[in-house]
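Reader: Please take me through the salt bridges in this model. I want to know which side chains pair up, and where they sit.

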Amino acid sequence: MAHQFLKTESAEGVLSITLNRPEVLNSFHAPMAAEMQAVLRTAGEDQAMRAVLITGAGRGFCAGQDLAEAAPPPGAGDGLADLAAHVRKVYNPIVLAIRSLEKPVVAAVNGVAAGAGASLALACDFVIAADNASFIQAFSRIGLVPDTGATFFLPRLVGTARATAMMMLAEKVTAPQALAAGMIYRVVPAAQLQTEASGFAASLARQATRGLALTKRLLNASLANDLAAQLELEAELQGAAGRTEDYAEGVAAFHQKRPPNFTGK
Ligand code: T3D
């Protein structure tokens, strides 16, 4: 399907999504958000796509909400009347789609990730950042609160003290700082980002996709469950993993001393 504000490409079992409004650092307006929601839905349905990669065109990853749409300059329109409704309609479905997608999602952060753009990256399963990328909890600079899941993911990743500082001070966190804080998975030289991230996503797409999906479900649940509930869920989902073709293939490959050929079933 052709998109106006996203570029998509399918290769090696990976659906790559590029936010494509570089002139505004890929900030989200309603049409781009609607396209993103639709593409994530398709990604869930397409069994041939076993991993998803999200990146940005140009020098930024995503600068969050398009402020020209949300709060235009005086005389340029009314902007968004009800931000609560807008967040529910635009951003929450994107985060929920990523977290419930039964395949790994990789963010290749190619530049600044600000506001909901930073949150978008944190919602992904893996964040690989260029060494010149940065993360800014920009919300407080304009009098808003963090959204798009930032207050859920960030304290869990870096602890409340650091999350509070990032959110209240809105300072730029460089990619190396984000890595040191445990916010992201890997930092690579900027010139190698797309190659590294694509290769990494392709390697994920060759893994036991059902097993990864069940692992993702466990990780999602572990953020809320107590130990007994989590142990029970592990048992249940291990049962499901044990019924996959990939489990049979993994064990057969082990005994035959060869690499497994997982099909994602
Ligand atoms: O509305 C709701 O639903 C509530 C939900 C809110 C969620 C949010 O995401 S709130 C946070 C919104 N985002 C921001 O506040 C970030 C705004 N941008 C910046 O602070 C800076 O652009 C950056 C720190 C991200 C990068 O700075 P820099 O110096 O590298 O770039 P720049 O020159 O500021 O930006 C380049 C262009 O992109 C520029 O346009 P121009 O002057 O060349 O025509 C700039 O206006 C535009 N741009 C950047 N961010 C946005 C944007 N245009 C619209 N909306 C943006 N968010």
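Author: This is a predicted model. Start with Asp 66 and Arg 21, whose side chains form a salt bridge at 3.0 Å, N to O. Asp 66 sits in the loop between strand E4 (60–62) and helix H2 (67–70), and Arg 21 in the loop between strand E2 (14–19) and helix H1 (30–45), so their pairing ties together parts 45 residues apart in sequence. Both ends are out of the way of solvent by the cut-off used here, since buried means under 20% relative accessible area. Asp 66 is buried at 8%. Arg 21 is buried at 9%.

Next come Asp 125 and Lys 216, with a salt bridge of 2.8 Å, N to O, between their side chains. Asp 125 belongs to the loop between helix H4 (116–123) and strand E7 (126–130), while Lys 216 is in helix H9 (residues 209–222), so this bridge links parts 91 residues apart in sequence. Here the two ends need separate descriptions. Lys 216 is buried, with 4% relative accessible area. Asp 125 is partly exposed, at 26%.

Now take Arg 258 and Glu 249. Their side chains meet in a salt bridge at 2.7 Å, N to O. Arg 258 is partly exposed, with a relative accessible area of 31%. Glu 249 counts as buried, at 18%.

Back to Asp 125 and Lys 216: salt bridges with shared partners join them and Arg 99 into one network. In total, the structure holds seven salt bridges. Among them are the Asp 66 to Arg 21 pair and the Arg 258 to Glu 249 pair.

Methods:
Residues are numbered from 1 along each chain as its sequence is written. This is a predicted model: local features need pLDDT of at least 70, side-chain atom pairs count only at pLDDT 80 or more; totals for chains, interfaces and linings use all residues. Side-chain values use heavy atoms; hydrogens and water are left out. A salt bridge is a side-chain nitrogen of Lys or Arg within 4 Å of a carboxyl oxygen of Asp or Glu. Helices (H or I, at least four residues) and strands (E, at least two) are DSSP runs, numbered from the N terminus. Buried means under 20% relative accessible area, exposed over 50%, partly exposed in between (1.4 Å probe, protein chains only).
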